[in-house]
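I opened my notebook today to look at how two chains meet.

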Amino acid sequence: MPSGFAIQTRDLGVRYSLRFTKKTSIRRSFARLLKRNRGEKSFWALRGLSITVAPGESVGIIGPNGAGKSTLLQVLAGIIMPSEGIVEVNGHVSTLLHLQAGFDQELSGRENIMLAGALMGIDHKVMEERQESIVDFADIGAFIDAPLRTYSSGMRAKLGFSIATAVDPDILLLDEVLQTGDEAFREKSHQRIADVLGAAKAVVLVSHDMSWITEFCNRAILLERGSIVADGKPDEVVATHMEHSEHRKQKYREVLEGMRSGRIAVRGRPKQLVREAERTGRQIPAIAPEDEREPLARP
Amino acid sequence: MQIATEAPSSFRSSAVRPGALGLIREALAETFGRRRLIRHLISADIRRKGSDTLLGNVWWVLDPLLQMTVYLILLSVILRRSTPDFPLFLFAAILPWKWFASSINDAVSSVVRQERLIKQVQFPKVVLPVSAVAAEVLNLAFGFVIVLLMLAVFFPAHATINVLWLPVIAAVQFVFTLGLALLVSAINVFYRDVGILSGHLIRLWFFLSPAIWSFDSSAGRFGAIEEALGEAGVSLLRANPFAVLLTAYRDVIYGRVNEAGDGFTPGQAPDLIALGMLLLLSIGLLILGTIIFKRLEPAFAKVL
C-alpha cells in the first residue's frame, strides 16, 4: 500500500429519504399524501464523519441500535454512495456483511461457491483454485453437490462462512454474523477469523459482542446518532459505551416508571420516547419534578 | 492475487457523477465484464423455474401451445372465425408475445427480489435485469424448434426460406425488451405499483397487438376493429412496436391471409423498413433505459 492510509473518510454523510422507505401500508401512504409537506422528509444516518484507518489497524465500531454502524460499513463497501463528503479506500475491499446473502436455493454448494465469487468480482480462475479448500473447510460431505434447498441451516452457515473467509482482501469489513454452526465448527471458525484478521491489512468490524472488540481490535470507535462519540483504545471506548447504555437503560426505567405512575402523559413505548428525546435534545414532558429536570440527551 | 474490480475506483464522493455517456459506458463494461456472473444467474433462473413443476422446463414449450389451443377454441368454436390454418396463424404470434411477456414479468421484480444481496454486496445491478431477459432467450429457441416442426409436419404449404428471418426479428425484439426491462426494473424499486400494473398493461397490450387478429383481411375480422377505431385509431395500432414485430413474425412463418379471408400466401420476407425503424427506436429505448437505471442504481441499497 503506497500511501499512509487504508481507509479515509472526510465529512462523510449519508442521508436517507423517508419518502421511499419500504413497506409502507396503504393507510400510511395516503396519510403521507395528505400531509405532503409536513414532517421530515429525510434523516441523516451518518453526518460529518472523518475517520482515517491506517494500515495494520483493526477498528471495532460499536454503538446502540440505529447509530449508523451498518450504514458506515455499507458506505465503506461501496454499497451505498455518500450523500456528502468523501470516502477513499486504498486496496481491495471484501465485505462479510452477511454470509448467505448471495446464495441461490437451486444451485449446488459448489455452484454457489462460484456464484459468490462472481458476485464479489473475484477472477474465475482464482475462485476455481480456492474451491477445494472452501469445500474442505465447510466439511458438509456429499451435500456439497446437492442443491442448497436441501441444506440444514447449520450447513448453510458453514458454507457461507467458508466462502466469506476464503477471500483474502486488503481491507476487510465485517458485520457481526460470524458466530455460526455447531460447537466444533465455531472453534475452528474462531481460529480462521483470527487468521483472516491477521492477514488483512486493515479491518473494520461491527459487533455488539464487546469481547470481540477487545480481542480482535486495536482501536474502537463509538457511534451514536450518526456521529463519533469516542475514538481510542478498545477497552476505554467499550467502557464509555457501557456507561452510556447503562444511562440509557436508567432512562427507560424512569420513563416506564413515570408512565405507570401517570406522571408522564405522553403515549408511546419508553424506548422510543427516550430515543426521540435523545435525538431532538428535548426532554420528555414531566419526566421528573420541575426542579430536578436535566437535559435528557447528553449523558 | 488477481481481482477483477469493476468498481470505477476506490474513491467515492457524491460530487463525482458521470454523465449520460459515462453511464452507458459503465453499463456496457459491467455487462461484459461480468459475463460469468450473468451466466450463473441465468442457470440459477432456469433451474428455479424448472424445479417447482413436474414437467419442468417442458412447460415453456407447452405453455404457448396450450395458450394457442385456448384461443383456438375461443375464436373458432365460440366466435366462429375461420382463418385458414388458424393454429399456425395464432402460434406464430403467441410464441414471441409469450417471450416478451415473461421477460418483462421476470425483469420487473429482478432487482427487488435481490434485496438482501444488494444491501450486502457491492456488484453492478445491471446484471439482474439483463440476466432475467437473457434467460428467456433459451426458451424462445425451443419455441422456434416447435415452429419449424409445425411447419414441416402439419403446414408444409406455408413453409418458405423466409423462416430464416426469425433470428433477425427476434434480435430487434430483444433490444426492445431489454430497454423496457431496464426501465421497469429500476422504477419498480421506488414504486412497487409498477410490478402490479405491468401485468395488466401487458394483457391489454396483447389484445391491441395483432396476435389473435391481423391487419391483413378487411373482410370479417379486421373490418370490425377498423370500424370501431376509425382511421386514426388504426394508424395508432400500426405504430405499436408489436404491430411491426408480430406482423413480421407472421409474415415469415405463416405468410398472409388473402383479402377474402379464405386463403393465404405462404411465408414472405418481413417489412424491413418498418423493422429497421423499430430497431432504431429500440436502441433509443435501450439507451434511455440504461441511463435511467444507472442514475437510480446508487439509491437501490437505500430504498430497498
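**Where the chains meet**

I began with the contacts between the chains, keeping in mind that this is a predicted model. I found 32 residues of chain B in contact with 37 residues of chain A.

Next I asked which elements of chain B give two or more residues to the side that touches chain A. I noted β1 (11-13), α2 (35-51), α6 (115-120) and α12 (272-303) of chain B. With seven residues, α2(B) gives the most to that side.

I then sorted the residues on the side of chain B that touches chain A: 15 are nonpolar, nine polar and eight charged.

**A sheet with strands from both chains**

I looked up how strands pair in a sheet: they do so through backbone hydrogen bonds, either parallel or antiparallel.

In which order do the four strands of the open sheet lie? I read the order as β2(A)-β1(A)-β4(A)-β1(B), with antiparallel pairing. The edge strands, each pairing on one side only, are β2 (42-53) of chain A and β1 of chain B. From one strand to the next, the twist averages 20°.

I checked the link between the chains: β4 of chain A (residues 84-89) pairs with β1(B) over three bridges. There I saw A:Glu88 opposite B:Phe11 in β1(B).

**A helix across the strands**

Last, I found helix α2 of chain A (residues 69-77) lying across β1, β2 and β4 of chain A. This helix runs at about 115° to β1(A).

Technical notes. Residues are numbered from 1 along each chain as its sequence is written. Chains are lettered from A and ligands numbered from 1 in the order in which they are written. This is a predicted model: local features need pLDDT of at least 70, side-chain atom pairs count only at pLDDT 80 or more; totals for chains, interfaces and linings use all residues. Two residues are in contact if their C-beta atoms, placed from the backbone, lie within 7 Å. Ala, Val, Leu, Ile, Met, Phe, Trp, Tyr, Cys and Pro count as nonpolar, Asp, Glu, Lys and Arg as charged, and the others, Gly among them, as polar. Two strands pair if DSSP finds at least two bridges between them. Axes are lines fitted to C-alpha atoms, for helices over the stretch in contact, and angles run from 0 to 180 degrees between N-to-C directions.
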